[in-house]
Amino acid sequence: MVDLDSTPVAAQPSPALPRARRDAAAATDPGRGWPRSFTARFAQLAAQQPDRPAFAAAGRELTYRQAHERAALLARALLRRLDGREGPVAVLVGSSVDGLTALLAAALAGRVVVPLDAQLPAARLREVCAAAGVAACLTDGTRPERAGELAAHVPDVVGTAELLRDGTGAHAPGAPGAPAGELPDAAGSGADPLLVVFTSGSTGRPKGVLLTHDWLLSAARTARERFGVVPEDRVALVLPPSFAAGAVVLATALLNGACTWLLDPREHGARAVAEGVRRDAVTTFHATPHLLRSVLAAVPAGAALTTLRLVTTAGEAVHGRDVEQLAARVRPGTEFFNWPGSSETGPISSFRVVCGEPVPQGALPAGLPEPGKDVSVLLPDGTPAPAGGTGEVFVTSSALAAGYWGDPERTAERFSTAPDGRRTYRTGDLGRLDADGTLHLLGRFDGAVKVRGYLVHLAEVEAALLASPAVAEAVVVAVEAAGTHRLVAYVAPVPGEPVESPAALRRRLRAHLPEYMVPADVVPLTALPHNERGKVDRGALPPVPPRAPSEPPSTDTEVRLARLWSELLGLEGTAAARVGREDDFQQLGADSLTVEEMLARVEEGFGVELLAGDLLEAPTLREFARRVAAGPAALPRHPTAVALRAPAAAPVLFCFAGAGALGMSFTSLAAHLPGRAVVAFQARGSEARALPDLTVAAAARRHLRELRLVQPRGPYVLVGHSMGGLVALEVARRLREAGEEVASVVLVDTYLPRTAAAGPGPAAGPGEPGGSLEPGEPEEPGERLEPGGPGGPAVSGGTGGAAGASRRARGPLRAVLERVLPDGLPPLHAVPQRLRVPLAGVVRFGPRQGEVMHDHGHVVARRHRVQPYAGRAVCVQLLGNPDGPAPWRGLLTGPHEFLHLECDHNSVLRDPHAADLAAVVGAELRAAVR
């Protein structure tokens with residue numbers, strides 16, 4: 001059980017089901033009076049509802065009668081083939097009707113069944129077969145190469161088709177002359193073993209958990225009573241049946257007479273699952289939270305999974321925002337259940353949320369214990385914890401696993417017998433029970449560490465990280481160093497949401513957690529690694545970043561700067577994270593906004609005006625303190641070109657910043673291109689006072705002169721982000737006209753001005769309707785920059801407003817109007833914003849300088865007409881880009897390609913997405929030197 005919860009939430013007990021579904025469930029047997037075995041219940045349903053579909057996969061269905069008869073044929077043939085050999089039977093199961101039929105056949109033959117996941121590596125499958133001591137292995141033919149790799153390590157590997165052709169099963173199911181034979185009595189004891197599912201073991205070897213008939217029957221009854229699963233349901237089995245969670249879903253469907261709908265997302269992808277659910281009218285969906293997020297993200301915009309009435313998750317913590325995302329893709333009233341459990345216990349509790357109703361925030365509770373499962377929370381001395389108190393979770397039931405296969409010592413360590421004869425399992429989970437009986441799972445019982453003498457539960461820190469709408473997944477690990485622990489957080493962003501920098505995450509955490517619980521390091525990853533069960537694979541996380549000891553600040557300037565850096569980076573008081581003389585401001589987690597804030601605070605506190613380029617050239621506390629002490633007068637600097645890495649052999653990577661952005665915004669990209677010289681260009685006036693370029697062509701001419709001073713001859717590789725792509729494309733065009741080789745231009749989410757997208761024709765002049773270049777341009781009524789646009793002030797006959805005045809004016813007045821109001825008269829509330837654009841670069845606007853330059857860049861970009869380009873170009877388009885390839889095809893007349901990255905406009909230059917962009921740019925650089 002690994003559901004995590006650290007935020008008290010008002011308990012929501014599972015209320016009664018809607019009357020119609022409750023009555024339907026009762027009419028088809030509420031679970032009382034069921035046979036005591038899985039196989040007997042399956043046979044009972046085959047007799048009661050022979051023509052209802054049992055399995056559906058890849059357009060093929062088997063009814064309950066067909067499935068039972070075919071499984072019985074296979075079982076008889078299997079017993080003849082075994083010829084008295086003892087031992088479990090492995091079944092190599094894919095997402096196929098034949099695979100599940102083979103699993104049923106092995107059970108009907110009276111053997112303990114070892115389901116094997118056909119997607120696992122052959123070495124892992126051989127290890128499982130050896131640990132289980134299997135007598136034979138049935139295969140369904142979906143992965144013949146896996147079967148062949150097992151043949152030398154298992155006494156007998158046979159396909160279902162071969163088994164039926166083996167002289168005993170050549171007849172069709174139910175046909176006259178079908179082979180007869182006695183099968184073992186299906187009406188056995190519920191305590192008899194049925195399945196062995198293997199999980200990862202703490203010793204590094206797979207651990208087999210022995211599931212009983214009662215284990216599966218209990219899960220099926222719970223699904224009937226809590227969820228109202230009935231024969232009319234189509235139950236999605238998207239988890240491997242070789243996992244305990246997959247076995248629960250199989251029992252949920254098969255023992256309640258529903259149809260089991262199979263599709264493996266690992267083989268077909270999340271999009272195929274979403275499409276299949278819609279196409280085949282699936283009604284219930286059971287997955288891990290990670291898989292649910294992936295499937296929801298694959299649902300096309302404007303589409304919905306309208307046939308779903310029930311969704312459950314298990315295996316990991318699920319959060320309120322997961323349910324909110326689900327609610328946006330299903331019909332109101334769809335029920336969601338957090339349904340946690342483990343291989344040893346099966347489901348132990350459930351917590352219900354109705355889509356369309358208020359959703360608890362943070363991690364959802366585990367909920368109320370399931371019928372027949374007694375859950376207790378005990379203190380280390382074995383006494384019950386008080387209501388709301390934390391302790392280790394124990395589960396007592398007659399439907400627990402029988403123990404660990406071939407490991408009596410481990411079984412005795414974890415399982416015990418209660419006074420009433422039921423079994424008790426010690427879960428190793430930390431939890432609490434509220435006064436109303438609601439269970440909260442808080443992580444592993446041994447998942448707490450001491451940080452500077454304080455006990456810290458890592459799950460609580462993870463829950464605080466996940467409270468950010470920008471964080472999809474988070475894992476916190478503790479690294480021991482110098483007699484204490486330092487916390488390291490690995491985070492993955494929500495696709496399409498702006499990435500929070502490590503500094504921003506730490507600052508947010510410090511507002512909610514004690515300072516000793518704030519991770520010293522935050523490592524951004526595109527996605528956290530997951531194992532075959534869909535859980536975060538902590539062993540596959542990248543190495544923890546080393547933190548070399550750094551000499552403490554010594555001079556007064558260093559001490560003051562260290563205090564400022566710690567505050568801005570959220571490091572104040574954080575264990576093992578004090579700023580030392582050799583610490584790098586950006587490597588400590590700063591982003592470009594943090595750098596600008598730091599420079600503004602330095603100017604305010606020290607009276608020294610420095611540029612971002614100064615920090616790039618003096619990145620450590622010691623070096624930067626020297627620059628602050630020396631003042632800017634003695635420092636050589638360039639206002640528009642910033643060397644992110646010193647120029648070396650060609651080709652240098654030349655980067656062009658977007659509107660309002662600084663050249664240092666490419667720092668993360670440069671860090672992922674080791675050994676490559678990188679020079680970034682930013683708009684004139686971005687930092688030093690100067691009149692900015694008024695056209696894209698003027699900016700291109702300026703940067704071209706600077707570029708050729710760094711690298712006089714080609715080949716050239718250029719990268720432009722956002723509006724910088726327009727400048728990069730113009731620079732490339734001029735280089736080619738001069739006879740130089742331009743190996744590639746990479747346009748990173750560059751939006752076409754509407755004048756270019758509209759096709760040939762005169763370029764738009766001042767005051768004429770243009771186009772939005774970047775996301776973030778106001779789109780609300782009255783906010784558009786162009787006159788006469790949707791919601792904007794009307795222009796009648798080209799003579800109204802300031803734009804009309806500018807056309808009628810002559811001489812100096814027209815020039816002034818075009819300079820001050822190039823887009824016509826804005827709405828009244830937007831006048832201050834528009835009036836400061838002409839002052840951009842000349843007047844300093846403090847922290848809003850980047851915003852002003854951003855607005856200026858929009859005006860410049862909308863006047864630009866993109867000229868056709870015949871060289872190689874790569875268009876990297878991101879989430880939300882409205883252009884697509886079509887508008888570019890008439891402009892990119894040379895070799896070109898379009899790529900898509902799953903991130904938003906501004907996050908692409910930040911880690912972890914900068915690594916993906918670097919892979920694209922790196923390939924272009926390598927091609928340039930061939």
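**Figure 1. Helix 3 and helix 4 lie oblique to each other.** Oblique is the class left over once angles under 35 degrees (roughly parallel), over 145 (roughly antiparallel) and 65 to 115 (roughly perpendicular) are set aside. Here helix 3 (residues 64–82) packs on helix 4 (residues 97–108) at about 55 degrees, and their axes are 8 Å apart. Axes are lines fitted to C-alpha atoms, for helices over the stretch in contact, with angles running from 0 to 180 degrees between N-to-C directions. The crossing of helix 3 and helix 4 is right-handed, that is, the near helix is turned clockwise from the far one by less than a right angle. Helices (H or I, at least four residues) and strands (E, at least two) are DSSP runs, numbered from the N terminus.

A note before going on: this is a predicted model, in which local features need pLDDT of at least 70 and side-chain atom pairs count only at pLDDT 80 or more, while totals for chains, interfaces and linings use all residues. Residues are numbered from 1 along each chain as its sequence is written, and side-chain values use heavy atoms, leaving out hydrogens and water.

**Figure 2. A closer look at the residues where helix 3 meets helix 4.** From helix 3 come Ala67, His68, Arg70, Ala71, Ala72, Leu74, Ala75 and Leu78, and they meet Asp98, Thr101, Ala102, Leu104, Ala105, Ala106 and Leu108 of helix 4. Contact means heavy atoms within 4.5 Å. Sorted by class, this contact has 11 nonpolar, 2 polar and 2 charged residues. Ala, Val, Leu, Ile, Met, Phe, Trp, Tyr, Cys and Pro count as nonpolar, Asp, Glu, Lys and Arg as charged, and the others, Gly among them, as polar.

**Figure 3. Ala43 in helix 2 (residues 38–48).** Ala43 has 27% relative accessibility, so it counts as partly exposed. For reference, buried is under 20% relative accessible area, exposed is over 50%, and partly exposed lies in between (1.4 Å probe, protein chains only). Ala43 and Leu108 are 65 residues apart in sequence, yet 9.7 Å apart in space, C-alpha to C-alpha.

**Figure 4. Val477 in strand 26 (residues 471–481).** With a relative accessible area of 18%, Val477 is buried. Beyond its neighbours within four places in sequence, Val477 touches Leu458, Arg486, Leu487, Val488, Tyr490, Arg538, Leu541 and Val544. Val477 and Ala489 are 12 residues apart in sequence and 6.5 Å apart in space, C-alpha to C-alpha.

**Figure 5. The whole chain, with its 29 helices and 35 strands.** Of the 930 residues in the chain, 56% are buried.
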